[in-house]
Amino acid sequence: MDEMFSRSGNRILSIGSHYLCSRFDPVKEARQWVRAQKEKKDSLPLNSHYGAVILGAGAGYHLVEFRRQFPRAPLVVFESSIKSKIFIDQQFPIELFEVPIFLPTEEEKIWLDPTFQKIMQGRFSVFIHEPSRMLNPRWFDQCLSDVLGRSQRGLQFQLGIRDDFALLENIKESVYEGEYANWKLFDAFTDQDWNQLPAHAFFLTRTLRELIV
Amino acid sequence: MKVLIVSLLRMGDVLLSIPMMSSLKKEFKNIEIHYLVNESSEGISSLFPEIKWHFLPRRILQKGLGEFEIPFFESYHLLNEKLHEWNRENFSLLINVTHNKLSGWLCAAIEAQQKIGLVMDRQSLPSFGSPWFRYYNEYGGKEGSKKELFFHCSDVFSYGVGLSPVPLEYLKDTRKGIQEAKPWLVEEPSPFVLIQSLTSDNRKNLSIGFWVETLKMIHLLHVHAPFRFLLLGAPDEKEYLTELLRLCHENKIPASLAISSIPAALTLLKRAQLLITGDTGIKHLASLTRCPVLELSLGPSDLRKTGVYSSGNWIIQSNESCAPCPQGQACPHLNHPCEKKISPQLVALVADRILKKEFQDMGFIASEFQREATLYKTLRTHSDYWMAQPLKNGGKFEDDLCRYLDFSVKKMFLTQEHLQLIGEFGTEGNKIRRTLNSQDTLSVDFINEMETHLKQFEKEEELNSLWLKKLLQLSQPRGLKKENYLIVSKLLQNRPIKLNNDDQINLEAISEFFRAQYEKNKSSYLRQDNLIELSIWRKLQKEIEELMFKSDIRLKLIRSIQSQGQEVL
């Protein structure tokens, strides 16, 4: 991974001919990236109160811009390259001081991180930084499934950190590796399973299940 | 007092609950009405500025449940947020008029001091908070219900909250509606007929050829004072309506397109000479205006429950034995026969009489087409319920008397009048008499014939009452021995009177149960330790008791009408 300067005078990163941000003006590009995410996520929460997970740290400009626009949103970042993380730590030590950036070697740490757990317990959005993802698509796609709770591991984690669903062992086993989890899995519930849900969660889940055709 | 009305079906279903809202407003002066509806019903919200509207984001919730790229619990959190928002209102009363499982579960999660209508509990058991809503739920979708007497949904909702329906309040135009409808009203100021040709369900639709033929005939019947036709529809119906318009112009029918929002549709309805429509939300909107309506009822459309609610309107029902067909099932016939039975001639003739305000030969028109379709006139009886009265030339008075009696018996039973110390049987009897008296289709010597029939009904009902008492006596599980089955079977075979349809359905079920028990117990006594059988017995006894209560109400009503007749004489 090489470091260089963009035409606008900002320090940037590349791997051979693959640049992790704009060679001309990474700050402007970061603004455009955040705007594009806002437009894409019209039906999903994107405001100061909800959490955000960004897959791909790149050269950090888009993270800084995101932080600037949503200073109070809990944020975590997944990144596959340690060099990228080191670059960001040096380049934006203050701007991204509180933002955890997780590497593939830190998977155990991810699930225990309080910010990550807080995000997973509420409403959040996942944003993908495509130039970073392209460097390790398999790992990033796995992260995406996990974070969304659509993989066995991810769903198990999400159920485990929720007070209302923590007791539901069957639901964890009813999603198999490689399958993507959706709300039809509640069909396999027995009366005993349903009874383990607190009243509020029980009625909410029952209502939502009726919405699936 | 804050009331939340939950209506999670289509726009038309929301409008069906508006009369109940009027009853509530009349009864409670300081009432604040909230509605929870699907986002798709948002179009009507501006017509009711006094209501606080809440919307269920159904589409977004569904998306979140199934799509990979949305977090697994996103819909859960979104609905939870909505619930917190609704619960912050501290509702005193929740009324669920939807009656599907989705609404039942959701209403369980919404907090309110009192809940009426379907609400599910942790054991997945429903509660209704009113005999009217239980009746609506039990009979609404039951097989064989097509033969039964059924109150209109709007009446069920009002009675369900313990109130009598009040006269409808007519809606006011909105600024948006007037603005949007201006081109149709200003550029072509001649009188017009609104045509709502499409419904939400293909089985309720008539063919494009039918509409062209019908409009052509109405136009021919009014050559000297022509009406223009406005083809009403929503933006997603534009393609079909454009084709209909093209065919109208080809046939020299003066028509134009009116693709409009709901507020603009209301503005048009308030100025139209007539609306011809299938079973649509626009029909329910029209019932909140003075616009005359001609409804064409076919397929799953059930006029008893959802016919045009205002009085003095007209409904043509296709005479097909399978109609109304069950909701959610495709028509099993290849050629959609109930559509074929509504002829353009019939519709054009009825529309013509409505436009000319000449109603005297409607009975004759109805007789001419009675094989294919039945013509109904809607009315509000003096007993405070809506009904669609079938028109016949020289109809039997006995049938009318029987029908009004049956409706009143059912109404009083559901209102639990029989449990009151002093029931209002005299008042109800008087109302029946007044309704019968005001029927313009009756051409008989009213008082004499009524007295004769009432005497006969009284005698029959007394016998029926004794018979039911005997049946109940024999239906005690602990005392029922095998020889009693034979007695009961014989008793059931010799019913003293012909019952109305829904009681007959109940009695047939009872009879079937006894037959099965007899077969099963030919060689032994009933097992006393079988709890399931005992619960069936309890249900059975409850049903016989119900029949007894109804018989008792009927007898009291007959006697009340008789005594008032003597006063008149």
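The sections below cover the interface and then the aromatic pairs.

## The model and its interface

This is a predicted model. The contact between the two chains draws on 43 residues from chain A and 34 residues from chain B. About 3,500 Å² is buried between chain A and chain B. Carbon and sulfur atoms give 66% of that area. On the side of chain A, Arg123(A), Phe203(A) and Leu211(A) lose the most area to chain B. Together they account for 20% of what that side buries.

The rule finds 2 salt bridges across the interface of chain A and chain B. One of them joins the side chains of Arg123(A) and Glu81(B), at 2.8 Å from N to O. Polar contacts across the interface come to 21 residue pairs, both residues at pLDDT 80 or more.

## What chain A brings

Four helices of chain A each give two or more residues to the side that touches chain B: α7 (137-148), α8 (152-160), α10 (191-196) and α11 (199-210). The largest share comes from α11(A), with 11 residues. By class, this side of chain A has 26 nonpolar, 11 polar and 6 charged residues.

## An aromatic pair between chains

Over all chains, the structure holds 41 aromatic pairs. One is formed by Trp183(A) and Phe73(B). The ring centres are 6.1 Å apart, with 80° between the planes, and the pair is edge-to-face. This pair crosses between chains. Trp183(A) sits in the loop between α9 (169-173) and α10 of chain A. Phe73(B) sits in the loop between α3 (58-66) and α4 (74-87) of chain B. Both Trp183(A) and Phe73(B) are buried.

Trp183(A) and Phe73(B) also belong to one aromatic cluster.

## A stacked pair within chain B

Why does the pair of Tyr135(B) and Phe150(B) count as stacked? The planes of the two rings lie at 20°, and the cut-off for stacking is under 30 degrees. The ring centres are 5.2 Å apart. Tyr135(B) lies in helix α6 (residues 131-140) of chain B, and Phe150(B) in the loop between α6 and α7 (153-160) of chain B. The pair links distant parts of the chain, 15 residues apart.

Tyr135(B) has 4% relative accessibility, so it counts as buried. Phe150(B), at 3%, counts as buried too.

Conventions: Residues numbered from 1 in each chain as written. Chains lettered and ligands numbered in written order. Predicted model: local features only at pLDDT ≥ 70, side-chain atom pairs only at ≥ 80, totals over all residues. Heavy atoms only, no water. Contact = heavy atoms within 4.5 Å. Buried area = accessible area lost by both parts, 1.4 Å probe. Salt bridge = Lys/Arg side-chain N within 4 Å of Asp/Glu carboxyl O. Polar contact = N/O pair within 3.5 Å; in protein donor to acceptor, adjacent residues only side chain to side chain. Nonpolar A, V, L, I, M, F, W, Y, C, P; charged D, E, K, R; others polar. Phe/Tyr/Trp six-rings, centres within 6.5 Å; stacked < 30°, edge-to-face > 60°. Buried < 20%, exposed > 50% of the residue type's maximum accessible area, 1.4 Å probe, protein only.
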